[in-house]
Amino acid sequence: MSSTFDRLQLIDDKKRFTPNLSDKFSTWGLLNAGFDYNLVAVIGSQSTGKSTLSSKSSRIGINSSNRHPSQPSNFDVMDNSKRQQTTKGIWMCRARDMNILVMDVEGTDGRERGEDKDFERKSAVFSLASSEVLIFNLWDNQVGLYHGANMGLLKTVFEVNLGLFGNKSQECANQRTLLFIVIRDYIETTPFATLQATLTADLQRIWDTLSKPAELEDRKLTDYFDLSFTALPHKILAAQKFESDVRTLRGRFTDKSRNDFVFKPMYHKRVPADGISLYMQRIWEQVQSNKDLDLPTQQELVAQFKCDEIFLGALGEFDDKVKQQKQPIEAGLVIKGLGEMMRAWRSQALSRYDREASRYHQGVYERKRADLIGRLDSTLSPLFLGQLRNLHQSALAFMKAEIDDNFNIAGFNFANIRKIRACAVDLFINGAREAVVIEGDPTWKWEEQLNLLQKESRAVADQFRKDRHNAGIRVLTAVGIGLLFGL
(Lines give C-alpha, C1' and ligand atoms only; values in the text may rest on other atoms or scores of the structure.)
Protein backbone atom coordinates (compact mmCIF):
# COMPACT_ATOMS: atom_id res chain seq x y z
CA MET A 1 0.00 0.00 0.00
CA SER A 2 1.33 3.44 -0.91
CA SER A 3 1.80 5.48 2.28
CA THR A 4 1.48 8.68 0.24
CA PHE A 5 -2.30 8.26 0.24
CA ASP A 6 -2.67 6.23 3.42
CA ARG A 7 -5.53 7.31 5.64
CA LEU A 8 -5.25 8.49 9.23
CA GLN A 9 -7.75 8.33 12.05
CA LEU A 10 -7.70 11.97 13.06
CA ILE A 11 -10.04 11.58 16.03
CA ASP A 12 -10.91 8.15 17.35
CA ASP A 13 -14.24 6.94 18.67
CA LYS A 14 -13.09 7.84 22.21
CA LYS A 15 -12.70 11.48 21.06
CA ARG A 16 -8.89 11.40 21.23
CA PHE A 17 -6.92 13.49 18.72
CA THR A 18 -4.06 11.75 16.93
CA PRO A 19 -0.46 12.79 17.70
CA ASN A 20 0.60 11.73 14.19
CA LEU A 21 -0.99 14.35 11.95
CA SER A 22 2.16 16.41 11.37
CA ASP A 23 4.14 13.28 10.47
CA LYS A 24 1.36 12.19 8.15
CA PHE A 25 1.42 15.59 6.42
CA SER A 26 5.10 15.00 5.76
CA THR A 27 4.35 11.50 4.41
CA TRP A 28 1.63 12.94 2.21
CA GLY A 29 4.13 15.52 0.86
CA LEU A 30 2.06 18.48 2.06
CA LEU A 31 4.14 19.87 4.93
CA ASN A 32 5.62 22.63 2.76
CA ALA A 33 2.52 23.27 0.67
CA GLY A 34 1.78 26.61 2.35
CA PHE A 35 -1.78 27.56 1.38
CA ASP A 36 -1.72 25.30 -1.66
CA TYR A 37 -4.05 22.69 -0.23
CA ASN A 38 -7.79 22.33 0.31
CA LEU A 39 -9.83 20.58 2.95
CA VAL A 40 -13.29 19.08 2.62
CA ALA A 41 -15.40 17.23 5.22
CA VAL A 42 -18.16 14.77 4.42
CA ILE A 43 -21.00 14.72 6.96
CA GLY A 44 -24.46 13.17 7.18
CA SER A 45 -26.43 10.29 8.54
CA GLN A 46 -24.93 6.87 9.03
CA SER A 47 -25.12 4.53 6.04
CA THR A 48 -25.83 7.23 3.46
CA GLY A 49 -22.67 6.41 1.53
CA LYS A 50 -20.43 9.19 2.87
CA SER A 51 -17.29 7.04 2.85
CA THR A 52 -18.03 5.77 -0.65
CA LEU A 53 -18.49 9.34 -1.85
CA SER A 54 -15.30 10.45 -0.07
CA SER A 55 -13.33 7.72 -1.79
CA LYS A 56 -14.92 8.01 -5.21
CA SER A 57 -15.10 11.76 -5.67
CA SER A 58 -11.51 12.34 -4.60
CA ARG A 59 -10.06 9.20 -6.21
CA ILE A 60 -8.63 8.21 -2.87
CA GLY A 61 -9.10 4.59 -3.72
CA ILE A 62 -11.51 2.03 -5.08
CA ASN A 63 -14.00 -0.28 -3.41
CA SER A 64 -12.29 -2.26 -0.70
CA SER A 65 -13.81 -5.49 -2.04
CA ASN A 66 -11.69 -5.42 -5.21
CA ARG A 67 -8.74 -3.24 -4.20
CA HIS A 68 -5.34 -4.49 -5.29
CA PRO A 69 -2.82 -4.50 -2.39
CA SER A 70 -0.59 -2.02 -4.24
CA GLN A 71 -3.38 0.53 -4.56
CA PRO A 72 -4.01 3.21 -1.96
CA SER A 73 -6.49 2.55 0.77
CA ASN A 74 -9.88 4.21 0.73
CA PHE A 75 -12.18 4.95 3.60
CA ASP A 76 -14.03 1.91 4.93
CA VAL A 77 -17.38 1.45 3.24
CA MET A 78 -20.39 -0.41 4.60
CA ASP A 79 -20.75 -4.10 4.06
CA ASN A 80 -24.10 -4.38 2.27
CA SER A 81 -24.94 -7.51 4.24
CA LYS A 82 -24.95 -5.50 7.49
CA ARG A 83 -26.38 -2.19 8.67
CA GLN A 84 -23.83 -0.88 11.10
CA GLN A 85 -21.46 1.97 11.68
CA THR A 86 -18.29 1.76 9.61
CA THR A 87 -16.65 5.18 10.15
CA LYS A 88 -15.80 5.73 13.80
CA GLY A 89 -14.56 9.14 14.81
CA ILE A 90 -13.06 11.27 12.03
CA TRP A 91 -10.69 9.96 9.37
CA MET A 92 -8.51 11.92 6.97
CA CYS A 93 -6.72 11.09 3.74
CA ARG A 94 -4.98 12.95 0.96
CA ALA A 95 -6.64 12.65 -2.43
CA ARG A 96 -4.63 10.95 -5.14
CA ASP A 97 -2.57 13.37 -7.27
CA MET A 98 -4.20 16.39 -5.58
CA ASN A 99 -3.44 18.63 -2.62
CA ILE A 100 -6.90 17.88 -1.27
CA LEU A 101 -7.54 16.53 2.20
CA VAL A 102 -10.79 14.70 2.77
CA MET A 103 -12.27 14.18 6.23
CA ASP A 104 -14.78 11.36 6.56
CA VAL A 105 -16.86 12.17 9.65
CA GLU A 106 -18.66 9.55 11.71
CA GLY A 107 -22.30 9.32 10.67
CA THR A 108 -25.04 10.64 12.90
CA ASP A 109 -28.16 8.79 14.06
CA GLY A 110 -26.23 5.55 14.50
CA ARG A 111 -27.49 3.06 17.04
CA GLU A 112 -23.93 2.71 18.39
CA ARG A 113 -24.08 6.16 20.04
CA GLY A 114 -27.83 6.11 20.63
CA GLU A 115 -29.02 9.32 22.26
CA ASP A 116 -25.50 10.63 22.81
CA LYS A 117 -25.39 13.74 20.64
CA ASP A 118 -22.17 15.10 22.12
CA PHE A 119 -19.87 13.77 19.38
CA GLU A 120 -22.30 14.90 16.67
CA ARG A 121 -22.11 18.50 17.82
CA LYS A 122 -18.38 18.45 18.50
CA SER A 123 -17.59 16.89 15.14
CA ALA A 124 -19.79 19.52 13.46
CA VAL A 125 -17.88 22.33 15.23
CA PHE A 126 -14.55 20.75 14.33
CA SER A 127 -15.50 20.17 10.68
CA LEU A 128 -16.83 23.69 10.25
CA ALA A 129 -13.79 25.27 11.92
CA SER A 130 -11.36 23.24 9.80
CA SER A 131 -12.93 22.71 6.39
CA GLU A 132 -13.57 24.89 3.39
CA VAL A 133 -16.34 22.69 2.03
CA LEU A 134 -18.90 20.63 3.93
CA ILE A 135 -20.41 17.86 1.84
CA PHE A 136 -23.80 16.82 3.19
CA ASN A 137 -24.98 13.45 1.96
CA LEU A 138 -28.67 12.46 1.87
CA TRP A 139 -30.98 10.13 -0.08
CA ASP A 140 -33.39 11.27 -2.79
CA ASN A 141 -36.37 9.96 -0.80
CA GLN A 142 -35.30 11.94 2.30
CA VAL A 143 -35.70 15.35 0.63
CA GLY A 144 -38.55 17.24 2.30
CA LEU A 145 -38.21 15.33 5.57
CA TYR A 146 -36.70 16.93 8.68
CA HIS A 147 -35.61 13.96 10.77
CA GLY A 148 -35.26 11.57 7.87
CA ALA A 149 -32.96 13.95 6.02
CA ASN A 150 -31.11 14.68 9.28
CA MET A 151 -31.78 18.39 8.98
CA GLY A 152 -31.09 18.54 12.72
CA LEU A 153 -27.40 18.12 11.87
CA LEU A 154 -27.53 21.13 9.55
CA LYS A 155 -29.29 23.12 12.26
CA THR A 156 -26.35 22.24 14.52
CA VAL A 157 -23.95 23.38 11.78
CA PHE A 158 -25.79 26.70 11.46
CA GLU A 159 -25.85 27.28 15.22
CA VAL A 160 -22.15 26.46 15.46
CA ASN A 161 -21.41 28.81 12.58
CA LEU A 162 -23.09 31.71 14.39
CA GLY A 163 -20.90 31.01 17.38
CA LEU A 164 -17.73 30.85 15.31
CA PHE A 165 -18.30 33.59 12.76
CA GLY A 166 -21.38 35.49 14.02
CA ASN A 167 -19.64 38.72 14.89
CA LYS A 168 -17.20 38.71 12.04
CA SER A 169 -13.95 40.47 12.76
CA GLN A 170 -12.12 42.29 9.99
CA GLU A 171 -9.99 39.18 9.48
CA CYS A 172 -13.10 37.00 9.05
CA ALA A 173 -15.14 39.54 7.09
CA ASN A 174 -15.00 37.46 3.91
CA GLN A 175 -14.91 34.06 5.59
CA ARG A 176 -17.51 31.72 4.13
CA THR A 177 -18.16 28.00 3.89
CA LEU A 178 -19.55 26.05 0.96
CA LEU A 179 -22.36 23.69 1.92
CA PHE A 180 -22.29 21.12 -0.87
CA ILE A 181 -25.41 18.94 -0.80
CA VAL A 182 -25.25 15.62 -2.63
CA ILE A 183 -28.57 13.86 -3.30
CA ARG A 184 -27.90 10.13 -3.53
CA ASP A 185 -29.86 7.42 -5.43
CA TYR A 186 -31.51 10.10 -7.55
CA ILE A 187 -34.10 8.37 -9.78
CA GLU A 188 -35.28 11.50 -11.64
CA THR A 189 -38.94 11.07 -10.62
CA THR A 190 -38.84 14.60 -9.21
CA PRO A 191 -37.03 17.24 -11.30
CA PHE A 192 -33.65 18.10 -9.81
CA ALA A 193 -34.57 21.82 -9.75
CA THR A 194 -37.58 20.99 -7.56
CA LEU A 195 -35.45 19.04 -5.10
CA GLN A 196 -32.95 21.89 -5.01
CA ALA A 197 -35.71 24.44 -4.34
CA THR A 198 -37.18 22.26 -1.58
CA LEU A 199 -33.83 21.85 0.16
CA THR A 200 -33.03 25.56 -0.16
CA ALA A 201 -36.39 26.47 1.40
CA ASP A 202 -35.83 23.95 4.20
CA LEU A 203 -32.39 25.35 4.95
CA GLN A 204 -33.70 28.90 4.92
CA ARG A 205 -36.51 27.88 7.30
CA ILE A 206 -34.00 26.31 9.68
CA TRP A 207 -31.90 29.49 9.59
CA ASP A 208 -34.89 31.73 10.21
CA THR A 209 -35.93 29.71 13.28
CA LEU A 210 -32.49 29.88 14.92
CA SER A 211 -32.29 31.80 18.17
CA LYS A 212 -29.94 34.64 17.30
CA PRO A 213 -28.49 37.42 19.45
CA ALA A 214 -30.08 40.82 18.85
CA GLU A 215 -27.04 42.09 16.97
CA LEU A 216 -27.27 39.16 14.53
CA GLU A 217 -31.03 39.16 13.90
CA ASP A 218 -30.65 40.65 10.44
CA ARG A 219 -27.95 38.21 9.31
CA LYS A 220 -28.86 35.96 6.41
CA LEU A 221 -27.91 32.38 5.66
CA THR A 222 -26.08 33.61 2.56
CA ASP A 223 -23.90 35.90 4.71
CA TYR A 224 -22.07 32.78 5.88
CA PHE A 225 -22.79 29.95 3.48
CA ASP A 226 -22.81 29.36 -0.23
CA LEU A 227 -25.08 26.52 -1.29
CA SER A 228 -24.38 24.06 -4.07
CA PHE A 229 -26.32 20.95 -5.10
CA THR A 230 -25.69 17.88 -7.18
CA ALA A 231 -27.32 14.45 -7.60
CA LEU A 232 -25.92 10.98 -8.16
CA PRO A 233 -27.80 7.89 -9.40
CA HIS A 234 -28.00 4.58 -7.56
CA LYS A 235 -24.55 3.10 -7.09
CA ILE A 236 -25.67 -0.50 -7.80
CA LEU A 237 -28.78 -0.23 -9.97
CA ALA A 238 -27.19 2.38 -12.24
CA ALA A 239 -23.54 1.54 -11.68
CA GLN A 240 -22.22 2.78 -15.01
CA LYS A 241 -23.98 6.14 -14.81
CA PHE A 242 -22.94 6.44 -11.16
CA GLU A 243 -19.26 6.05 -12.10
CA SER A 244 -19.65 8.51 -14.99
CA ASP A 245 -21.37 11.14 -12.84
CA VAL A 246 -18.77 10.75 -10.08
CA ARG A 247 -16.01 11.43 -12.61
CA THR A 248 -17.87 14.57 -13.67
CA LEU A 249 -18.33 15.59 -10.04
CA ARG A 250 -14.64 15.03 -9.38
CA GLY A 251 -13.84 17.71 -11.97
CA ARG A 252 -15.52 20.31 -9.78
CA PHE A 253 -12.92 19.56 -7.10
CA THR A 254 -9.90 19.40 -9.39
CA ASP A 255 -10.35 21.71 -12.39
CA LYS A 256 -9.63 25.29 -11.30
CA SER A 257 -10.65 26.65 -14.71
CA ARG A 258 -14.27 25.63 -14.20
CA ASN A 259 -16.79 28.25 -13.13
CA ASP A 260 -18.24 25.77 -10.64
CA PHE A 261 -14.86 24.87 -9.09
CA VAL A 262 -15.69 24.35 -5.42
CA PHE A 263 -12.56 25.62 -3.67
CA LYS A 264 -12.92 29.40 -3.77
CA PRO A 265 -10.27 31.50 -1.95
CA MET A 266 -12.92 32.89 0.43
CA TYR A 267 -13.48 29.40 1.86
CA HIS A 268 -9.87 28.77 2.90
CA LYS A 269 -9.16 29.05 6.64
CA ARG A 270 -5.75 30.62 5.82
CA VAL A 271 -3.70 28.29 8.00
CA PRO A 272 -0.50 27.12 6.24
CA ALA A 273 -0.09 23.38 5.82
CA ASP A 274 2.79 23.15 8.29
CA GLY A 275 0.56 24.71 10.95
CA ILE A 276 -2.67 22.81 10.28
CA SER A 277 -1.80 19.98 12.69
CA LEU A 278 -1.36 22.36 15.62
CA TYR A 279 -4.41 24.37 14.55
CA MET A 280 -6.67 21.31 14.40
CA GLN A 281 -5.35 20.00 17.69
CA ARG A 282 -6.06 23.30 19.43
CA ILE A 283 -9.51 23.45 17.86
CA TRP A 284 -10.34 19.97 19.12
CA GLU A 285 -8.99 20.73 22.61
CA GLN A 286 -11.26 23.77 22.80
CA VAL A 287 -14.22 21.80 21.47
CA GLN A 288 -13.61 18.94 23.91
CA SER A 289 -13.45 21.28 26.89
CA ASN A 290 -16.71 22.93 25.76
CA LYS A 291 -15.03 26.32 25.66
CA ASP A 292 -16.17 29.08 23.34
CA LEU A 293 -14.18 28.79 20.13
CA ASP A 294 -12.71 31.98 18.72
CA LEU A 295 -11.13 31.04 15.39
CA PRO A 296 -9.14 34.28 14.88
CA THR A 297 -7.63 33.78 18.33
CA GLN A 298 -6.81 30.15 17.54
CA GLN A 299 -5.23 31.17 14.24
CA GLU A 300 -3.21 33.81 16.07
CA LEU A 301 -2.04 31.31 18.71
CA VAL A 302 -0.92 28.90 16.01
CA ALA A 303 0.85 31.77 14.23
CA GLN A 304 2.57 32.74 17.48
CA PHE A 305 3.85 29.21 18.01
CA LYS A 306 4.96 28.68 14.41
CA CYS A 307 6.52 32.15 14.02
CA ASP A 308 8.47 31.61 17.25
CA GLU A 309 9.67 28.28 15.88
CA ILE A 310 10.71 29.84 12.55
CA PHE A 311 12.26 32.82 14.39
CA LEU A 312 14.50 30.54 16.45
CA GLY A 313 15.47 28.48 13.42
CA ALA A 314 16.53 31.54 11.43
CA LEU A 315 18.33 33.04 14.43
CA GLY A 316 20.21 29.82 15.21
CA GLU A 317 21.54 29.57 11.66
CA PHE A 318 22.54 33.24 11.80
CA ASP A 319 24.32 32.90 15.17
CA ASP A 320 26.42 30.00 13.88
CA LYS A 321 27.80 32.23 11.11
CA VAL A 322 28.46 35.18 13.43
CA LYS A 323 30.45 33.04 15.89
CA GLN A 324 33.02 32.22 13.20
CA GLN A 325 34.10 35.88 12.96
CA LYS A 326 33.65 36.90 16.60
CA GLN A 327 37.02 35.61 17.84
CA PRO A 328 39.17 37.28 15.12
CA ILE A 329 37.46 40.60 15.79
CA GLU A 330 38.05 40.29 19.53
CA ALA A 331 41.70 39.46 18.77
CA GLY A 332 42.06 42.84 17.05
CA LEU A 333 42.07 41.69 13.44
CA VAL A 334 40.43 43.60 10.58
CA ILE A 335 38.21 41.13 8.71
CA LYS A 336 38.25 41.78 5.00
CA GLY A 337 34.73 41.91 3.54
CA LEU A 338 33.05 41.75 6.95
CA GLY A 339 30.29 44.15 5.91
CA GLU A 340 29.37 42.02 2.91
CA MET A 341 29.26 38.94 5.13
CA MET A 342 27.07 40.63 7.76
CA ARG A 343 24.65 41.94 5.14
CA ALA A 344 24.39 38.46 3.64
CA TRP A 345 23.82 36.78 7.03
CA ARG A 346 21.12 39.28 7.92
CA SER A 347 19.43 39.01 4.54
CA GLN A 348 19.47 35.19 4.64
CA ALA A 349 17.95 35.09 8.13
CA LEU A 350 15.16 37.50 7.16
CA SER A 351 14.54 35.68 3.88
CA ARG A 352 14.17 32.37 5.68
CA TYR A 353 11.80 33.93 8.22
CA ASP A 354 9.75 35.71 5.54
CA ARG A 355 9.53 32.61 3.38
CA GLU A 356 8.18 30.42 6.17
CA ALA A 357 6.36 32.88 8.46
CA SER A 358 4.70 35.37 6.09
CA ARG A 359 1.86 32.89 5.49
CA TYR A 360 0.71 33.18 9.09
CA HIS A 361 -1.36 35.81 10.88
CA GLN A 362 -0.06 39.12 9.52
CA GLY A 363 0.08 40.91 12.86
CA VAL A 364 2.02 38.09 14.55
CA TYR A 365 4.34 37.72 11.55
CA GLU A 366 5.17 41.44 11.52
CA ARG A 367 5.70 41.65 15.30
CA LYS A 368 8.06 38.69 15.31
CA ARG A 369 9.86 40.04 12.24
CA ALA A 370 10.53 43.31 14.06
CA ASP A 371 11.83 41.28 17.02
CA LEU A 372 14.06 39.27 14.70
CA ILE A 373 15.50 42.42 13.11
CA GLY A 374 16.27 43.73 16.60
CA ARG A 375 18.06 40.51 17.54
CA LEU A 376 20.02 40.37 14.29
CA ASP A 377 21.15 43.98 14.55
CA SER A 378 22.04 43.72 18.23
CA THR A 379 24.19 40.67 17.42
CA LEU A 380 25.92 42.33 14.46
CA SER A 381 26.50 45.66 16.18
CA PRO A 382 29.42 44.42 18.38
CA LEU A 383 31.10 43.00 15.28
CA PHE A 384 30.65 46.31 13.50
CA LEU A 385 32.01 48.34 16.44
CA GLY A 386 34.88 45.87 16.86
CA GLN A 387 35.73 46.24 13.17
CA LEU A 388 35.75 50.04 13.58
CA ARG A 389 38.12 49.82 16.57
CA ASN A 390 40.42 47.48 14.70
CA LEU A 391 40.36 49.72 11.61
CA HIS A 392 41.17 52.67 13.86
CA GLN A 393 44.16 50.89 15.40
CA SER A 394 45.25 49.55 12.03
CA ALA A 395 45.18 53.05 10.50
CA LEU A 396 47.25 54.48 13.35
CA ALA A 397 49.70 51.59 13.13
CA PHE A 398 50.03 52.16 9.37
CA MET A 399 50.68 55.86 9.88
CA LYS A 400 53.33 55.32 12.58
CA ALA A 401 55.06 52.60 10.57
CA GLU A 402 55.21 54.78 7.44
CA ILE A 403 56.61 57.67 9.42
CA ASP A 404 59.19 55.50 11.20
CA ASP A 405 60.29 53.91 7.93
CA ASN A 406 60.78 57.29 6.23
CA PHE A 407 61.83 59.44 9.21
CA ASN A 408 65.54 59.53 8.35
CA ILE A 409 65.17 59.72 4.59
CA ALA A 410 66.50 62.98 3.15
CA GLY A 411 63.75 65.31 2.07
CA PHE A 412 61.11 63.72 4.28
CA ASN A 413 59.07 66.61 5.70
CA PHE A 414 55.78 67.70 7.10
CA ALA A 415 54.07 67.53 3.69
CA ASN A 416 54.90 63.81 3.56
CA ILE A 417 53.31 63.35 6.97
CA ARG A 418 50.10 65.00 5.77
CA LYS A 419 49.96 62.55 2.86
CA ILE A 420 50.57 59.56 5.13
CA ARG A 421 47.93 60.80 7.57
CA ALA A 422 45.40 61.28 4.75
CA CYS A 423 46.15 57.78 3.47
CA ALA A 424 45.60 56.31 6.95
CA VAL A 425 42.27 58.13 7.33
CA ASP A 426 41.19 56.91 3.88
CA LEU A 427 41.99 53.34 4.88
CA PHE A 428 39.68 53.73 7.87
CA ILE A 429 36.88 55.41 5.90
CA ASN A 430 36.89 52.77 3.17
CA GLY A 431 36.87 49.97 5.72
CA ALA A 432 34.14 51.63 7.80
CA ARG A 433 31.91 52.20 4.78
CA GLU A 434 32.30 48.58 3.75
CA ALA A 435 31.32 47.43 7.25
CA VAL A 436 28.02 49.35 7.29
CA VAL A 437 25.08 46.94 7.30
CA ILE A 438 22.26 49.41 6.59
CA GLU A 439 23.13 52.72 4.97
CA GLY A 440 21.63 55.71 6.76
CA ASP A 441 20.64 53.76 9.87
CA PRO A 442 22.05 55.40 13.05
CA THR A 443 23.00 51.94 14.37
CA TRP A 444 25.75 51.80 11.78
CA LYS A 445 27.30 55.29 12.15
CA TRP A 446 31.08 55.51 12.17
CA GLU A 447 31.72 59.28 12.15
CA GLU A 448 32.50 59.39 15.87
CA GLN A 449 35.24 56.81 15.47
CA LEU A 450 36.56 58.79 12.48
CA ASN A 451 36.73 61.98 14.55
CA LEU A 452 38.69 60.12 17.22
CA LEU A 453 41.09 58.77 14.58
CA GLN A 454 41.61 62.22 13.12
CA LYS A 455 42.36 63.60 16.56
CA GLU A 456 44.83 60.80 17.37
CA SER A 457 46.47 60.91 13.94
CA ARG A 458 46.90 64.64 14.33
CA ALA A 459 48.61 64.01 17.66
CA VAL A 460 50.93 61.49 15.97
CA ALA A 461 51.80 64.08 13.30
CA ASP A 462 52.36 66.75 15.93
CA GLN A 463 54.58 64.40 17.87
CA PHE A 464 56.63 63.79 14.74
CA ARG A 465 57.04 67.52 14.21
CA LYS A 466 58.08 67.89 17.80
CA ASP A 467 60.52 64.99 17.55
CA ARG A 468 61.94 66.35 14.29
CA HIS A 469 62.24 69.82 15.80
CA ASN A 470 64.01 68.47 18.91
CA ALA A 471 66.28 66.36 16.73
CA GLY A 472 67.18 69.48 14.74
CA ILE A 473 67.99 71.39 17.89
CA ARG A 474 70.17 68.54 19.10
CA VAL A 475 72.07 68.53 15.80
CA LEU A 476 72.56 72.32 15.85
CA THR A 477 73.67 72.21 19.45
CA ALA A 478 76.13 69.47 18.72
CA VAL A 479 77.52 71.39 15.74
CA GLY A 480 77.86 74.58 17.82
CA ILE A 481 79.69 72.81 20.59
CA GLY A 482 81.97 71.19 18.08
CA LEU A 483 82.87 74.50 16.53
CA LEU A 484 83.34 76.10 19.91
CA PHE A 485 85.73 73.49 21.17
CA GLY A 486 87.24 72.56 17.80
CA LEU A 487 85.84 69.11 17.89
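Author: R346 counts as buried because its relative accessibility is 13%; buried means under 20% relative accessible area, exposed over 50%, and partly exposed in between, with a 1.4 Å probe and protein chains only. The model is predicted, so local features need pLDDT of at least 70 and side-chain atom pairs count only at pLDDT 80 or more, while totals for chains, interfaces and linings use all residues. Residues are numbered from 1 along each chain as its sequence is written, and side-chain values use heavy atoms, with hydrogens and water left out.

R346 belongs to helix 9, residues 338-357. Helices (H or I, at least four residues) and strands (E, at least two) are DSSP runs, numbered from the N terminus. Leaving aside residues up to four places away in sequence, R346 touches F318, I373, L376, D377, L380, V437 and I438; a contact means heavy atoms within 4.5 Å.

The structure holds 14 aromatic pairs; rings of Phe, Tyr and Trp (its six-membered ring) pair if their centres lie within 6.5 Å, and planes under 30 degrees apart count as stacked, over 60 as edge-to-face and the rest as tilted. The pair of F428 and W446 is edge-to-face, because the ring centres are 6.4 Å apart and the planes stand at 70°. F428 lies in helix 11 (residues 414-435) and W446 in the loop between helix 11 and helix 12 (447-485), so the pair ties together parts that are 18 residues apart in sequence. F428 counts as buried, at 0% relative accessibility, and W446 is also buried, with a relative accessible area of 10%. One aromatic cluster is formed by F17, F119, F126 and W284.

Arginine side chains also meet aromatic rings. R7 lies over the face of W91, 4.5 Å from the ring centre, and R270 lies over the face of F35, at 3.7 Å from the ring centre. A charge sits over a ring if NZ of Lys or CZ of Arg is within 6 Å of the ring centre and within 35 degrees of the ring normal.

Seven strands form an open sheet of mixed pairing, in the order 1-3-4-2-5-6-7; two strands pair if DSSP finds at least two bridges between them. At the edges are strand 1 (8-11) and strand 7 (225-231), each of which pairs on one side only.
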